[in-house]
Amino acid sequence: MAKKVAFLQGNEAAAQGALYAGCKFFAGYPITPSTEVAEVMSAELPKIGGKFIQMEDEIGAMAAIIGASLTGAKVLTSTSGPGLSLKQELIGYACIAETPAVIVNVMRGGPSTGMPTGPSQSDVMSAKWGTHGDHPAICLVPASVQEVFEETVRAFNLAEKYRTPVMIMPDEIVAHMREQIVFPEPGELEVIDRTAPSVPPEQYKPYDTSFGDVPPLAAFGSGYKFHVTGLNKMADGFPTTKAEIVQAEEERQVRKVEANADDIVKFEEYLLDDAEVAIVAFGSTSRSARFAVNEARKQGIKAGLFRIKTFWPFPEKQLLALSKKVKAFITPEMNLGMATGVLKGVVEGNAPVHGIFRVDGEPINPEQILAKIKEVK
């Protein structure tokens, strides 16, 4: 039997991926250029017994999905630019309370209102540093409509597996382009649910690390009662200021992601076996980079592409190994050097990093990248 095929926009694919993953609750606030995610969820969730709420603002939307997640639902919100900034306080709350949630943030020009209809890749640092304090960070950066679908499913899996908010950040070009998508059959893609408690309600503690760095999570309304707070807490969820408990708790929350980087990080390598110049790119810019690499190869220049699919945790191990083989890196990105700065910190002393930065609302084209390849080869 032939699989279902559709011609979808990236934002529509994100919504469809969420539904495939089992999302039953969406709360959000319309904002360009992510509104289509909310539009699809508003139409589809009622059909499957799910709930859609348009909240009064972005903070309210984040609060709503945290509450719904604690009842056991898989939850989604979508936003862009200033909306992500408004969500940050409660993203931090979701981190410390260890509440699974998925946030689709479509990257547009900024800061502030910036260029609402223009593409950008300048939110990736917000995924790790946007909210205050030390906290886990997972951020996925898809480059095609098919990948938006698949990475949204993976975002839900990671949120449930590691009890943490996960961000998926397509840039505006990927979010609004239309491409063919082949829908996977039910069960074809792995779908992970959070680990439920194995102890009776009277013995349950929501942050009991005897079960590992990711404690099982009960659902409110299922007979389990527990405390949730934005304060540093003990295993039972109640606040504490005891130094040794706070230290261990903070370290564990970061460790549950960083120590599992091999499980979380995804990337693509293209023509890197003999490459002397490596392009490191993500999102729509990686599509220009692939074209430029092919053109460089036609001209006898040994170029290759390392495509970042998981921005956080950053693929440090793989890029460090690559830096010992190539003569130079080129990092094209629609910001003023965010990935470039991280990469320089990883590969310092091994290979120089040359950035191509564009923030004028226009995409980086293959010609710009090819010119830089010829310059640094």
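A salt bridge here is a side-chain nitrogen of Lys or Arg within 4 Å of a carboxyl oxygen of Asp or Glu. The model is predicted.

**Exercise 1.** Apply that rule to Lys309 and Glu147.

*Solution.* 
- Step 1. The closest N and O atoms of Lys309 and Glu147 are 3.2 Å apart.
- Step 2. The cut-off is 4 Å. Lys309 and Glu147 form a salt bridge.
- Step 3. Across the interface of domain 1 and domain 3, the rule finds three salt bridges.

**Exercise 2.** Describe the interface of domain 1 and domain 3.

*Solution.* 
- Step 1. Take the contacts. Domain 1 puts 27 residues in contact with 21 residues of domain 3.
- Step 2. Take the area. The two domains bury about 1900 Å² between them, with 60% of it on carbon and sulfur atoms.
- Step 3. Find the main contributors. Gln121, Met125 and Val141 supply 30% of the area that domain 1 buries against domain 3, more than any other three residues.
- Step 4. Count the polar contacts between domain 1 and domain 3: 14 residue pairs.
- Step 5. Name the element of domain 1 that gives the most to this side. Helix 5 does, with five residues.

**Exercise 3.** Work out which strands stand at the edges of the open sheet.

*Solution.* 
- Step 1. Write the order of the seven strands: 3-2-4-5-9-8-14, with mixed pairing.
- Step 2. Read the ends. Strand 3 (51–54) and strand 14 (310–312) each have a single partner strand, so one side of each lacks a neighbour in the sheet.
- Step 3. Strand 2 and strand 4 run parallel, joined by three bridges. Cys23 has Lys74 in strand 4 as its bridge partner.

Definitions and conventions:
Residues are numbered from 1 along each chain as its sequence is written. This is a predicted model: local features need pLDDT of at least 70, side-chain atom pairs count only at pLDDT 80 or more; totals for chains, interfaces and linings use all residues. Side-chain values use heavy atoms; hydrogens and water are left out. Two strands pair if DSSP finds at least two bridges between them. Helices (H or I, at least four residues) and strands (E, at least two) are DSSP runs, numbered from the N terminus. Contact means heavy atoms within 4.5 Å. Buried area is the accessible area (1.4 Å probe) that two parts lose on being put together, summed over both. A polar contact is a pair of N or O atoms within 3.5 Å; within protein, one must be able to donate a hydrogen and the other to accept it, and residues adjacent in sequence count only if both atoms are side-chain atoms.
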